[in-house]
Amino acid sequence: MALAAEVNPIKTLDKNGEEIKTVGFQRFGFDSEVPIDILRSLYLRSHYVLTAPVDQVDNVDTKELADHARFTQGLNAYQSKSIYHPDTKSISYTTLSRFPPVRLLPPSERKRILVTGGAGFVGSHLVDRLMLLGHEVTVLDNFFTGSKTTVSHWVGHPNFEMVRHDVVEPFMIECDQIYHLACPASPPHYQFNAVKTIKTSFMGTLNMLGLAKRTKARFLISSTSEVYGDPEVHPQHEDYWGHVNPIGPRACYDEGKRVAETLTYGFHRQDGVDVRVARIFNTYGPRMNPHDGRVVSNFIVQALRGEDLTVYGDGKQTRSFQYIHDLIDGLITLMNSSETRPVNIGNGDEFTIGEFAELVREIVEKVQREDGIVPERRVEIVYKPMPTDDPQRRRPDTSRAKESLGWQPRWSVRMGLEEMVRYYKAKMAEGSI
């Protein structure tokens, strides 16, 4: 505790220069606000391991402890005490000392929430938020791309349950809300087994909508900006029908999500199921799989390793990136609103991929300077041929989210990137990347 007090905390300023101390807000009768410090202690260092030789378990580096304290900020009681032994490349795991404090809700306010794909990148952050808010959360995941470690800090908590299950098979449970996130979302993963991807999108959504119909639960599906394909309209608004190649290598995902939306509105119109459709644009943040081929994780890991950054094409294609906290705010707000039309959730700040590579390089160098690391050389940016059907421009029109939900992004790309660089740097230090 004393050590944490001596260490400068991580501070994040929003676009107006105000310090961000909480994420979420109270809207539509649902309070989703939690302190950012407690969330950070879960995702930046929940499984952070201190390093020590096998024969010197008690001899932990004080600088490492100080670094650790920057992230945990007096919340050490809720941290894993795992130790990584670099000499034998082995790890000694422990469970958490105790669970982080969760809100104590009266039964009338406490919801039973099912999160499919809850061990994935987006799902695990949603689970953290819902757990801290005091709800009962069941995670359904087959761990094809998800990982138990993203939610293992909740295993054993009375409000939490994790079930290994593939949504292609029916699942029976009683619940009040269903967040249906289950589907591989990065090109290497969804192209690995294209038929399985379409099956997951269709059968998984069919099964979860059937469950929502039976239990009268509210159903939210995480759709994607990929439903717009390689758009001819810019920025993309929700009434744009898209420009998708139905037989290309990305079609298993693009068309899978389009048919999942069709199915969702079929149940809504025919059976009166209460549905929400979130079209998620590029999102980044801690817990992104560093090997999933996405541009943000690719650039950061390459820069931290001192490798040149790989840009495909001429670097003029644009993307807009939103930070994970903004997305979770948007999903929770949409779920608890009365908006049944599709809603774009994304950040309108548009970058060319070339500019983005330069920004990542600059932030990695800044973090390395702050931590007293001198790289051997400055990483370069190299250009390679463009993959098939890679869209040239992608940027959301988020007017509907702003008007219907009162939601707009609070995190700039730069703010989120620094946090993500520190996350990957910590993962590399503990040998898990």
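R27 lies over the face of F25, at 4.1 Å from the ring centre; a charge counts as over a ring if NZ of Lys or CZ of Arg is within 6 Å of the ring centre and within 35 degrees of the ring normal. The model is predicted, local features need pLDDT of at least 70 and side-chain atom pairs count only at pLDDT 80 or more, while totals for chains, interfaces and linings use all residues. Residues are numbered from 1 along each chain as its sequence is written, and side-chain values use heavy atoms, with hydrogens and water left out.

The volume of the largest cavity is about 40 Å³.

Across the whole structure, eight aromatic pairs are found, a pair being rings of Phe, Tyr or Trp (its six-membered ring) with centres within 6.5 Å, stacked if the planes are under 30 degrees apart, edge-to-face if over 60 and tilted for the rest. Two of these pairs are set out here.

| Pair | Centre distance | Plane angle | Class |
|---|---|---|---|
| Y228 and Y240 | 6.0 Å | 25° | stacked |
| F351 and F356 | 6.0 Å | 75° | edge-to-face |

F356 is buried, with a relative accessible area of 0% (buried means under 20%, with a 1.4 Å probe and protein chains only), and F356 forms one aromatic cluster with F299, F321 and F351.

How values were computed
On a 1 Å grid over the protein atoms alone, a cavity is a set of points where a 1.4 Å probe fits but cannot get out, and a pocket is an open set with protein on both sides within 12 Å along at least five of seven lines; lining residues have an atom within 4 Å of a point. Grid points are joined across faces, edges and corners, and a volume is the space filled by probe spheres set on the points. Buried means under 20% relative accessible area, exposed over 50%, partly exposed in between (1.4 Å probe, protein chains only).
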